[in-house]
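Please look through the sequence and the 3D structure below before reading on. The paragraphs after them go through the model part by part.

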Amino acid sequence: MWYVRKGFMQAWKGIRHHQRKVIVLIILQIILFGLVMGGGLYSQFLIFTDIQGIVEPLQRANYDAAQLQEGNVFTPELATVYESYIALQRHIVWILVIVLGIILILNGALWILSHDILQKGTWKEWGYQWITYAGLNIVVFSVFLGGSYFLLRSFVAQGMDPTIMSNWVKGILYTFGVVYYLLLVGFGLLPRHKWKEFFKRWGKILIQKFHKTLVVAVINAIVLAVMLGGLYWSLIEEWPVGIMLAFMLGIVVVLVGIRLFWIAALQEVAHETHHS
């Protein structure tokens, strides 16, 4: 557990020596939260409106087989249904593009600045780290989302039983969780140069020291769960707004702290792996 202790010490040292950068991290994390929450609510509104524009005309449609055979129209609002369907597709694409932009720019800045707090880098090194971060995200998300889309589309075309399809969706989500965890390990090791060396270190840790990454992840999860539990309890018990806001700010600070701890601890594990 030495890597946990050294990781904590390195993270704490970085926080004490780079307080302004830590404040910037907190501000960026708050902005990220605001965009995710606000954008999520607005996205739900757009998608709900589009779906409503499809479903409501279909509910009013003429399903009488005899009348349809006589030449009566299925629905006079077919154009509205089509427009809502096109709008739904357009909004989903835009939402995915915006989410990817937030992940690449804002979340990328959080990771790179966290690395910089623990070990100061140059503009060239920041660029190298961002290219690695962006490349990993684009490749993994493109393959995963594209594969999931075509897989689910084929299930729908085959008329698969909804229960079986639901199980497949759960399996896809679990798989995504595992893949994203592997990405988080990679983010903790973002290189300043030599991509070949980065992938070698990443692979070695995943194969030889995976259990140590789980220890760090469990510690982070427990700390975050305590703060989330406090916020949830304050909402249930209807505590004063000030306390709820304090818990929300505490969650932001904890996220900043556990990210620094994650990077510092994994760097210690990587250093051990390199010399073993």
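This is a predicted model: local features need pLDDT of at least 70, side-chain atom pairs count only at pLDDT 80 or more; totals for chains, interfaces and linings use all residues.

Residues are numbered from 1 along each chain as its sequence is written, and side-chain values use heavy atoms, with hydrogens and water left out.

Helix α7 covers residues 195-208, which makes 14 residues. From its first C-alpha to its last, α7 reaches 20 Å, close to the 20 Å expected at 1.5 Å a residue; the expected span is 1.5 Å times one less than the number of residues.

Which residues of α7 are buried? They are Phe-198, Trp-202 and Ile-205, where buried means under 20% relative accessible area, exposed over 50% and partly exposed in between, with a 1.4 Å probe and protein chains only. Seen down the axis of α7, these buried residues fall within an arc of 70°, so they line one face of the helix. The arc is taken from the directions that run from the helix axis to the C-beta atoms. An α-helix has 3.6 residues a turn, so residues three or four places apart point the same way. On the other side of α7, the residues Lys-196, Lys-200 and Ile-207 are exposed.

The pockets come next. Rolling a probe the size of a water molecule over the atoms shows where empty space is left. On a 1 Å grid over the protein atoms alone, a pocket is an open set of points where a 1.4 Å probe fits, with protein on both sides within 12 Å along at least five of seven lines; lining residues have an atom within 4 Å of a point. Grid points are joined across faces, edges and corners, and a volume is the space filled by probe spheres set on the points.

The largest pocket has a volume of about 1000 Å³. It is lined by 37 residues, of which Leu-32, Val-36, Ile-103, Asn-107 and Tyr-180 are the closest to its centre. At least two lining residues of the largest pocket come from each of α2 (19-59), α4 (78-118), α5 (123-157), α6 (162-187), α8 (210-236) and α9 (241-274). The largest share, 11 residues, is that of α2. By class, the lining of the largest pocket has 26 nonpolar residues, 10 polar and one charged. Here Ala, Val, Leu, Ile, Met, Phe, Trp, Tyr, Cys and Pro count as nonpolar, Asp, Glu, Lys and Arg as charged, and the others, Gly among them, as polar.

The second largest pocket has a volume of about 790 Å³. Of its 20 lining residues, Ile-92, Leu-96, Leu-145, Ser-148 and Tyr-149 are the closest to the centre. Two or more residues of this lining come from each of α4, α5 and α6. The lining of the second largest pocket divides into 16 nonpolar, three polar and one charged.

How many aromatic pairs does the structure hold? There are 14 aromatic pairs, counted where rings of Phe, Tyr and Trp (its six-membered ring) have centres within 6.5 Å; planes under 30 degrees apart are stacked, over 60 edge-to-face and the rest tilted. One of the pairs is Tyr-181 with Phe-210, edge-to-face at 5.7 Å centre to centre and 85° between the planes. Tyr-181 lies in helix α6 and Phe-210 in helix α8, so this pair ties together parts that are 29 residues apart in sequence. Tyr-181 counts as buried at 16% relative accessibility, whereas Phe-210 is partly exposed at 29%.

Tyr-181 also forms an edge-to-face pair with Trp-262, with 6.0 Å centre to centre and 70° between the planes. Trp-262 lies in helix α9, so this pair ties together parts 81 residues apart in sequence. Trp-262 is buried, with a relative accessible area of 5%. Elsewhere, ring pairs link Phe-141, Phe-144, Phe-176 and Tyr-180 into a cluster.

Two loop residues remain. Lys-194, in the loop between α6 and α7, has a positive phi near 60° although it is a residue other than glycine. Lys-194 is exposed at 57% relative accessibility. Glu-238, in the loop between α8 and α9, is likewise not a glycine and has a positive phi of about 55°. Its relative accessible area is 67%, so Glu-238 counts as exposed.

Terms used. Helices (H or I, at least four residues) and strands (E, at least two) are DSSP runs, numbered from the N terminus.
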